[in-house]
Amino acid sequence: MACLAQQGLGPDPPAQLEEKKKKKNSLCFCQTCHKVAKIEKPEAELADMTVGHVGRDGATLAGRIDVRNPYSHAIPVCEISYSLQSAGREVASGTMPDPGSLAAGGTTRLDVPVKVPYDFLVSLVKDAGRDWDIDYEMRVGLTVDLPVLGNFTLPLTKSGELKLPTLSTIF
């Protein structure tokens, strides 16, 4: 962007000068947004949920995020926030602070354990019906610390069917 004098913002009356400065600032902001949009960012994919552990106090469902880091250095992951919904209700939500770093120039697998309380699990099983599965939607916010940009959150969403274990698979 050219300086103010090169844009004809020299000895103009103050009102014109302010108007031209506003235009220049909005142009600079748009250019900054355009540059930020072109910065290479990590790419992530949320895998299907699986049943991890079933106990007396509830179940732990296993979520997994595979993240590709385009940079030649590790990127710190600030936090992972998640929300699991089923049948229009929030089943579980939480935040994992400081889960580690993304490996330089490669793909890193991040596990997201989601604890579902027993009482909610019982109501979900009642809704499961004959096919013994639960429709779900998992929303994840993966916040990483990118060079120049600072904290950047990648929003991820995955819908699917969670196959419930039968008694024979538990025991």
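## Exercises on a predicted model

L142 touches A44, I65, V67, V77, E79, I80, L110, F152, T153 and L154, where residues up to four places away in sequence are not counted and contact means heavy atoms within 4.5 Å. This is a predicted model, in which local features need pLDDT of at least 70 and side-chain atom pairs count only at pLDDT 80 or more, while totals for chains, interfaces and linings use all residues. Residues are numbered from 1 along each chain as its sequence is written, and side-chain values use heavy atoms, with hydrogens and water left out.

**Exercise 1.** Find which residues of the largest nonpolar core touch the most other members.

*Solution.* Begin with the term: a nonpolar core is a set of buried Ala, Val, Leu, Ile, Met, Phe, Trp, Tyr and Cys residues joined through side-chain atoms within 4.5 Å, and buried means under 20% relative accessible area, exposed over 50% and partly exposed in between, with a 1.4 Å probe and protein chains only. Next, look at the 30 residues of the largest core, where I65, V114, M138 and L142 touch the most other members. Among the elements that give two or more residues to this core are β3 (58-68), β6 (107-117) and α2 (118-128), helices (H or I, at least four residues) and strands (E, at least two) being DSSP runs numbered from the N terminus. Finally, β7 gives the most to this core, with 6 residues.

**Exercise 2.** Work out the order of the strands in the open sheet of 4 strands.

*Solution.* Two strands pair if DSSP finds at least two bridges between them. The edge strands are β5 and β8, each of which pairs on one side only. Within the sheet, β4 and β7 pair in the antiparallel sense over 8 bridges, and E79 stands opposite T143 in β7.
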